[in-house]
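Have the structure open beside them as you read.

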Amino acid sequence: MATNTIELTGTLEWAKLFEFNRDQGEYDEETDGATAVTLLMDDDVYKMMKDSGVQKSGKQDPDGKGTRVTFKRPWKDKFGRDWADGLPTVFNPAGRVWNTEADGLIGNGSVGVVFLDVYDTKKGVGCRLNGVQVIEHILFESTGGGGGSSFGIKPKDYTQGQAATPPPAAPKAQAAAPASAKVAPGGIPF
């Protein structure tokens, strides 16, 4: 089989599709992370994916909304194949290449299409995340805690028109006990 591209439509979750937000989780130095997206798809779309030969399995949504499958693409292919690594192409609803400055980040619940390349390998049918098109965009807005990029964070003015109160001064350090000080057996010197 030559490489075919299939289109899987569903709800996008955990879209890490750009260099600055790629998944650095469980990857080694050979791949330097991966771009990834989870797609929640209905039964018909999941069946189409399986019928194409894709060996990935998914998890049923506990609320019966369909099946979740995560698609990844290594940042660097450990075998040096240029076609297998790097960024997938991401498109906005108008079909233009995604611009994070203008379009923002892709939030959970956005509806989109995952373009998946399907091809034969020695171990069966393989697949590669080729691209994503967002159809209905939900803007990702950070609620804090994740660190990394500040993109999407909207700081608030907590001073409510008053000058910010400086933090309290740090307590003064106490002089250290001389090295010759005796310590009771089992005691801990402070």
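**Notes on the predicted model**

1. Let me start with Trp-14, which is found in strand S1. Bear in mind that this is a predicted model. Phi of Trp-14 is near 50°, a positive value in a residue other than glycine. That deserves a look, because most residues other than glycine have a negative phi. Is Trp-14 buried or exposed? Trp-14 counts as exposed, because its relative accessibility is 58% and the cut-off for that class is over 50%.

2. Next comes Thr-38, a residue of strand S2. Its relative accessibility is 10%, so Thr-38 counts as buried; the limit for that class is under 20%. Which residues does Thr-38 touch, leaving aside those up to four places away in sequence? They are Thr-11, Leu-12, Glu-13, Trp-14, Arg-68, Val-69 and Thr-70.

3. Seven strands form an open sheet with mixed pairing, in the order S3-S4-S2-S1-S6-S7-S5. At the edges are strand S3 (59–60) and strand S5 (89–91), each of which pairs on one side only. Helix H1, residues 43–51, packs on this sheet and touches strand S1 (4–16), strand S2 (34–41) and strand S4 (67–74). The direction of H1 makes about 125° with that of S1.

4. Leu-116 illustrates both pairings: Ile-6 stands opposite Leu-116, while in S7 the bridge partner of Leu-116 is Leu-129. Another bridge pairs Asp-120 with Val-125 in S7. How many residues does the hairpin from S6 to S7 run through? Two residues make that link.

5. Why is S6 described as largely enclosed by the rest of the structure? The reason is that nine of its 12 residues are buried. When you inspect the strand, remember that in a regular strand the side chains alternate between the two faces of the sheet.

6. Back to helix H1, whose buried residues are Val-45, Tyr-46 and Met-49. Viewed down the axis of H1, these residues fall within an arc of 100°, so they line one face of the helix. S1, S2 and S4 are included in what covers the buried residues of H1. On the other side of H1, the exposed residues include Asp-43, Asp-44 and Asp-51.

7. Finally, please check both ends of H1. At its start, a side-chain oxygen of Asp-42 comes to within 3.1 Å of the backbone nitrogen of Asp-44. Just after H1, Gly-53 has a positive phi of about 100°. For comparison with the opening point, the residue with positive phi there, Trp-14, is a residue other than glycine.

Key: Residues are numbered from 1 along each chain as its sequence is written. This is a predicted model: local features need pLDDT of at least 70, side-chain atom pairs count only at pLDDT 80 or more; totals for chains, interfaces and linings use all residues. Side-chain values use heavy atoms; hydrogens and water are left out. Two strands pair if DSSP finds at least two bridges between them. Helices (H or I, at least four residues) and strands (E, at least two) are DSSP runs, numbered from the N terminus. Contact means heavy atoms within 4.5 Å. Axes are lines fitted to C-alpha atoms, for helices over the stretch in contact, and angles run from 0 to 180 degrees between N-to-C directions. Buried means under 20% relative accessible area, exposed over 50%, partly exposed in between (1.4 Å probe, protein chains only). The arc is that of the directions from the helix axis to the C-beta atoms. A polar contact is a pair of N or O atoms within 3.5 Å; within protein, one must be able to donate a hydrogen and the other to accept it, and residues adjacent in sequence count only if both atoms are side-chain atoms.
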